[in-house]
Amino acid sequence: MGYDRTIRLRAGFTPTVAAVRQALAAQGFGVLTEIDMAATLKAKLGRDMEDYLILGACNPQMAERALDVDRSIGLLLPCNVVIRADGPQTVVQALDPAVMVSLTGLDAMTPVADEAARRLDDALTRLAEELDG
């Protein structure tokens, strides 16, 4: 089973980051955490790498529904979205919410995962349309 939903864009890293934030917000996701992996690896290990940002996105209503089904689901929250440079492209990846259903084995998680997947797919589609036309 794949565990990601991925798009590749011709847009640069910085404009993609801004557009991802807007697309997530339009789908009801707020960004709770932000990890700049390039800066972290440079500071801690002296290692250079491509631009690589992890956003921890959360839709509070869906998080509440998921937690009502399984309190341990917090291990998989928030929804991680990765934005990374890959040569001339920028890759945007979101964790596939179906992973929640697969890992928990709880059918009651399916409606939450389906809605989250629909919202993330809508955000990714909006990004592709906006940045790649």
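E50 is partly exposed, because its relative accessibility is 35% (buried means under 20% relative accessible area, exposed over 50%, partly exposed in between, with a 1.4 Å probe and protein chains only). The model is predicted, so local features need pLDDT of at least 70 and side-chain atom pairs count only at pLDDT 80 or more, while totals for chains, interfaces and linings use all residues. Residues are numbered from 1 along each chain as its sequence is written, and side-chain values use heavy atoms, with hydrogens and water left out.

E50 sits in the loop between α2 (37-45) and β3. Helices (H or I, at least four residues) and strands (E, at least two) are DSSP runs, numbered from the N terminus. Leaving aside neighbours within four places in sequence, E50 is in contact with A38 and A85; contact means heavy atoms within 4.5 Å.

Just after α2, G46 has a positive phi of about 70°.

UniProt, in an unreviewed entry, places the feature "domain: DUF302" at residues 35-97. UniProt positions follow the numbering used here, feature names are shortened, and annotations may be inferred rather than shown by experiment. Over residues 35-97 the chain is 30% helix and 38% strand. The end C-alpha atoms of this stretch are 20 Å apart.

Helix α5 (residues 110-132) contains E115. The helix has 23 residues and reaches 32 Å from first C-alpha to last, close to the 33 Å expected at 1.5 Å a residue. The expected span is 1.5 Å times one less than the number of residues. Buried residues of α5 include V112, E115, L120, L124 and L127. The buried residues of α5 pack against β1 (4-9), α1 (13-26), α3 (60-69), β5 (89-95) and α4 (98-104). E115 touches M62 and R65, not counting residues up to four places away in sequence. The side chains of E115 and R119 are joined by a polar contact of 2.9 Å. G133 follows α5 and has a positive phi, near 60°.

The largest nonpolar core has 30 residues, of which V20, L24, V81, V92 and L127 touch the most other members. The largest share of this core, seven residues, comes from α5. A nonpolar core is a set of buried Ala, Val, Leu, Ile, Met, Phe, Trp, Tyr and Cys residues joined through side-chain atoms within 4.5 Å. Leaving aside neighbours within four places in sequence, V20 is in contact with L55, V81, I83, V92 and L127.

The count of disulfides is zero, a disulfide being a pair of cysteine sulfur atoms within 2.5 Å. C58 is in no disulfide, and the nearest cysteine sulfur, that of C79, is 7.3 Å away. C58 counts as buried because its relative accessibility is 17%. C79 is likewise buried, because its relative accessibility is 14%.

Terms used:
Polar contact = N/O pair within 3.5 Å; in protein donor to acceptor, adjacent residues only side chain to side chain.
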